[in-house]
Amino acid sequence: MTRIERIKKILKKNLEPSYLLIKDQSNKHSGHNSFDGSNETHLYIEISSRFFDKKKLIDSHKRINFLIQNEYKEGLHSLEIKII
(Lines give C-alpha, C1' and ligand atoms only; values in the text may rest on other atoms or scores of the structure.)
Protein backbone atom coordinates (compact mmCIF):
# COMPACT_ATOMS: atom_id res chain seq x y z
CA MET A 1 0.00 0.00 0.00
CA THR A 2 1.38 3.42 -0.92
CA ARG A 3 1.59 6.36 1.47
CA ILE A 4 -1.29 8.08 -0.34
CA GLU A 5 -3.46 4.96 -0.03
CA ARG A 6 -2.67 4.69 3.70
CA ILE A 7 -3.48 8.36 4.31
CA LYS A 8 -6.74 8.12 2.32
CA LYS A 9 -7.77 5.11 4.39
CA ILE A 10 -7.02 6.91 7.68
CA LEU A 11 -8.78 10.14 6.70
CA LYS A 12 -11.84 8.36 5.29
CA LYS A 13 -12.20 6.25 8.43
CA ASN A 14 -11.77 9.12 10.90
CA LEU A 15 -13.18 12.16 9.11
CA GLU A 16 -15.73 10.71 6.66
CA PRO A 17 -14.91 13.36 4.04
CA SER A 18 -17.47 14.37 1.45
CA TYR A 19 -14.50 15.26 -0.77
CA LEU A 20 -10.89 14.12 -0.62
CA LEU A 21 -8.02 14.67 -3.03
CA ILE A 22 -4.41 13.76 -2.32
CA LYS A 23 -1.63 14.58 -4.79
CA ASP A 24 2.03 13.66 -4.71
CA GLN A 25 4.06 16.83 -5.24
CA SER A 26 7.44 15.30 -4.39
CA ASN A 27 8.82 15.92 -7.88
CA LYS A 28 8.51 19.68 -7.29
CA HIS A 29 10.98 19.38 -4.40
CA SER A 30 13.69 17.38 -6.13
CA GLY A 31 17.11 18.54 -4.93
CA HIS A 32 15.75 20.19 -1.78
CA ASN A 33 17.41 18.72 1.33
CA SER A 34 18.64 15.72 -0.66
CA PHE A 35 15.13 14.72 -1.80
CA ASP A 36 15.11 13.02 -5.18
CA GLY A 37 11.44 13.74 -5.95
CA SER A 38 10.17 10.24 -5.24
CA ASN A 39 8.66 8.22 -2.38
CA GLU A 40 5.61 10.44 -1.75
CA THR A 41 7.51 12.72 0.62
CA HIS A 42 5.64 15.95 -0.25
CA LEU A 43 1.85 15.73 -0.44
CA TYR A 44 -1.07 18.07 -1.11
CA ILE A 45 -4.48 17.36 0.43
CA GLU A 46 -7.84 18.95 -0.34
CA ILE A 47 -10.55 17.81 2.02
CA SER A 48 -14.10 18.65 3.00
CA SER A 49 -15.68 17.08 6.07
CA ARG A 50 -18.48 17.90 8.47
CA PHE A 51 -15.94 17.34 11.25
CA PHE A 52 -14.35 20.66 10.31
CA ASP A 53 -17.58 22.65 10.55
CA LYS A 54 -17.23 25.51 13.04
CA LYS A 55 -13.61 24.56 13.76
CA LYS A 56 -10.69 26.92 13.49
CA LEU A 57 -8.48 26.18 10.50
CA ILE A 58 -5.49 25.47 12.73
CA ASP A 59 -7.50 22.87 14.67
CA SER A 60 -8.50 21.13 11.44
CA HIS A 61 -4.87 21.01 10.33
CA LYS A 62 -3.79 19.71 13.73
CA ARG A 63 -6.37 16.93 13.54
CA ILE A 64 -5.13 15.77 10.14
CA ASN A 65 -1.51 15.89 11.24
CA PHE A 66 -2.34 13.93 14.38
CA LEU A 67 -4.15 11.24 12.41
CA ILE A 68 -1.22 10.70 10.05
CA GLN A 69 1.62 11.31 12.51
CA ASN A 70 3.16 7.89 11.82
CA GLU A 71 3.70 8.87 8.17
CA TYR A 72 6.12 11.57 9.30
CA LYS A 73 8.15 8.88 11.05
CA GLU A 74 8.14 6.87 7.81
CA GLY A 75 9.43 9.62 5.52
CA LEU A 76 6.66 12.15 4.91
CA HIS A 77 8.41 15.52 4.88
CA SER A 78 5.83 18.07 3.85
CA LEU A 79 2.04 18.28 3.83
CA GLU A 80 0.04 21.08 2.27
CA ILE A 81 -3.59 21.06 3.42
CA LYS A 82 -6.56 22.88 1.93
CA ILE A 83 -9.86 22.62 3.83
CA ILE A 84 -12.79 23.26 1.51
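## Helix 2

In helix 2 (residues 57-67), the buried residues are Ser60, Ile64 and Leu67. Buried here means under 20% relative accessible area, exposed means over 50%, and partly exposed lies in between (1.4 Å probe, protein chains only). Viewed down the axis of helix 2, the buried residues fall within an arc of 65 degrees, so they line one face of the helix. The arc is that of the directions from the helix axis to the C-beta atoms. Ile58 and Lys62 are exposed residues on the face of helix 2 turned away from its buried side.

The cover over the buried residues of helix 2 includes helix 1 (3-15), strand 2 (42-48), helix 3 (69-73) and strand 3 (78-83). Contact means heavy atoms within 4.5 Å.

## Model and conventions

This is a predicted model, in which local features need pLDDT of at least 70 and side-chain atom pairs count only at pLDDT 80 or more, while totals for chains, interfaces and linings use all residues. Residues are numbered from 1 along each chain as its sequence is written, and side-chain values use heavy atoms, with hydrogens and water left out.

## Overall content

The protein chain has 3 helices and 3 strands, running α-β-β-α-α-β from the N terminus. Helices (H or I, at least four residues) and strands (E, at least two) are DSSP runs, numbered from the N terminus.

Of the 84 residues in the protein chain, 37% are buried. The accessible surface of the protein chain is about 5600 Å², and carbon and sulfur atoms account for 47% of it. Accessible areas come from the Shrake-Rupley method with a 1.4 Å probe; for residues, only the protein chains shown count as cover. Among contacts between residues at least 6 apart in sequence, 60% join residues at least 24 apart.

## Helix 1

Helix 1 has 13 residues, and its first and last C-alpha atoms are 18 Å apart, close to the 18 Å expected at 1.5 Å a residue. The expected span is 1.5 Å times one less than the number of residues. The buried residues of helix 1 are Arg3, Ile4, Ile7, Leu11 and Leu15. They cover an arc of only 90 degrees around the axis, which puts them on the same side of helix 1. An α-helix has 3.6 residues a turn, so residues three or four places apart point the same way.

The exposed residues Lys9, Lys12 and Lys13 are carried on the face of helix 1 turned away from its buried side. Strand 1 (19-24), strand 2, helix 2 and helix 3 are the elements against which the buried residues of helix 1 pack.

## Nonpolar core

The largest nonpolar core has 16 residues, and those with the most contacts inside it are Leu11, Ile45, Ile47 and Ile64. Helix 1, strand 1, strand 2, helix 2 and strand 3 are the elements that give two or more residues to this core, and helix 1 gives the most, with 4 residues. A nonpolar core is a set of buried Ala, Val, Leu, Ile, Met, Phe, Trp, Tyr and Cys residues joined through side-chain atoms within 4.5 Å. In soluble globular proteins, nonpolar side chains tend to be buried together.

Leaving aside neighbours within four places in sequence, Ile47 is in contact with Leu11, Leu15, Pro17, Tyr19, Leu20, Phe52, Ile64, Lys82, Ile83 and Ile84.

## Loop residues

Ser26 lies in the loop between strand 1 and strand 2 and, at 1% relative accessibility, counts as buried. The side chains of Ser26 and Asp24 are joined by a polar contact of 2.6 Å, and a polar atom of the Ser26 side chain lies 2.8 Å from the backbone nitrogen of Thr41. A polar contact is a pair of N or O atoms within 3.5 Å; within protein, one must be able to donate a hydrogen and the other to accept it, and residues adjacent in sequence count only if both atoms are side-chain atoms.

The loop between helix 1 and strand 1 contains Glu16 and Ser18. Glu16 follows helix 1; its phi is positive, about 45 degrees, although it is not a glycine. Glu16 is partly exposed at 45% relative accessible area, whereas Ser18 is exposed at 64% relative accessibility. Lys54, in the loop between strand 2 and helix 2, is not a glycine but has a positive phi of about 60 degrees. Lys54 is exposed, with a relative accessible area of 88%.
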